[in-house]
Amino acid sequence: LQSRVGNGLVYSSDYLSDDQATSLLLTNIQGDTLIEPRVIPFKTGQRHFHWKKNVVALGLAAGFLEPLESTSIHLIQRGIIRLMQMFPYGGINQPDQHEFNQQMSDEYEFIRDFIIMHYHITERTDTEFWRRNSAMSIPDSLQHRLSLFQESGRVFQAEGDVFGENSWTQVMLGQGLTPASYHPIVDMMSDHELRQFMRHQLQRVELVIKQLPDHNAFIAKYCPARL
Ligand SMILES: Cc1cc2nc3c(=O)[nH]c(=O)nc-3n(C[C@H](O)[C@H](O)[C@H](O)COP(=O)(O)OP(=O)(O)OC[C@H]3O[C@@H](n4cnc5c(N)ncnc54)[C@H](O)[C@@H]3O)c2cc1C
């Protein structure tokens with residue numbers, strides 16, 4: 001999309017009417033609007049069974065989480081890959097269906113936890129929306145991840161979790177969740193060694209960045225649009 005900027009506003013109808021949301025969206029847009037805003041209601045959740053008999057649900061037919069982390073296309077791709085891995089030959093069998101359903105369901109739940117985390121550990125308290133959502137009860141799996149990080153700074157990426165350790169860590173630290181302790185291996189390095197190590201890391205990153213084209217140059221080279 002190179003000729004215009006797409007804009008949207010995700011809101012909860014418990015706290016904002018469609019008219020209020022539309023006016024909030026429009027007051028934050030710079031430049032001319034090309035179309036009237038459309039309200040797209042959504043209900044979150046996933047199917048009890050992604051694969052049942054000879055029907056496999058993919059994409060929106062399988063479930064929807066919410067647009068904050070934009071994972072729908074990833075889930076479609078994962079569903080297709082899993083279906084290829086477990087594609088039936090000589091008849092559909094129950095273990096294949098069960099494994100497919102379990103893996104899909106786990107993946108939705110990892111993303112669910114990641115999204116809930118944003119709302120749960122938010123530092124915002126300025127509106128009822130944020131106050132209510134930060135106080136909501138959270139899944140045990142998320143509570144475990146948060147406690148683990150809070151106590152020891154440990155983060156693990158589970159099998160099938162799209163979000164890596166760095167993503168979980170970024171959100172937790174970014175939202176003010178600081179671990180009470182750190183891994184003892186850190187104490188085996190002097191401050192000087194640690195500084196040198198970090199400087200070396202920075203140099204490596206800078207070296208890669210220097211060789212990369214900027215955003216406009218990349219688009220002009222690989223996917224220029226006819227405007
Ligand atoms: C503005 C916007 C931005 C988004 N950004 C992102 C993003 O950055 N990253 C991301 O991962 N996801 C994003 N998404 C979500 C993602 O694009 C959608 O979840 C995904 O395209 C859904 O694909 P789908 O094939 O499941 O459904 P659809 O694309 O809705 O396809 C369903 C198809 O079925 C057809 N159909 C419906 N009913 C019938 C019927 N009865 N008979 C025959 N055909 C029928 C429809 O016409 C349609 O062609 C975004 C969505 C929107 C709206």
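**Rings and a ligand: a quick tour**

Hi everyone, let's begin with the rings: searching the whole structure turns up nine aromatic pairs, meaning Phe, Tyr or Trp rings (six-membered ring for Trp) with centres within 6.5 Å, called stacked under 30 degrees between planes, edge-to-face over 60 and tilted for the rest. Please keep in mind that this is a predicted model, where local features need pLDDT of at least 70 and side-chain atom pairs count only at pLDDT 80 or more, while totals for chains, interfaces and linings use all residues. Residues are numbered from 1 along each chain as its sequence is written, and side-chain values use heavy atoms, leaving out hydrogens and water.

Helices here are DSSP runs (H or I, at least four residues), numbered from the N terminus.

Next come Phe114 and Trp168, also edge-to-face, with 4.9 Å between centres and 85 degrees between planes. Phe114 belongs to helix α3 (residues 94–120) and Trp168 to helix α6 (residues 165–174), 54 residues apart.

Now, the ligand. Which residues surround the ligand? They are Gly59, Leu60, Ser70, Thr71, Ser72, Ile73 and Ile76, counted as near if a heavy atom lies within 4 Å. A polar backbone atom of Leu60 is 2.7 Å from a ligand oxygen atom, and for Ser70 the corresponding distance is 3.2 Å; polar contacts with the ligand are pairs of N or O atoms within 3.5 Å.

Methods: Polar contact = N/O pair within 3.5 Å; in protein donor to acceptor, adjacent residues only side chain to side chain. Helix = DSSP H or I, 4+ residues; strand = E, 2+ residues; numbered from the N terminus.
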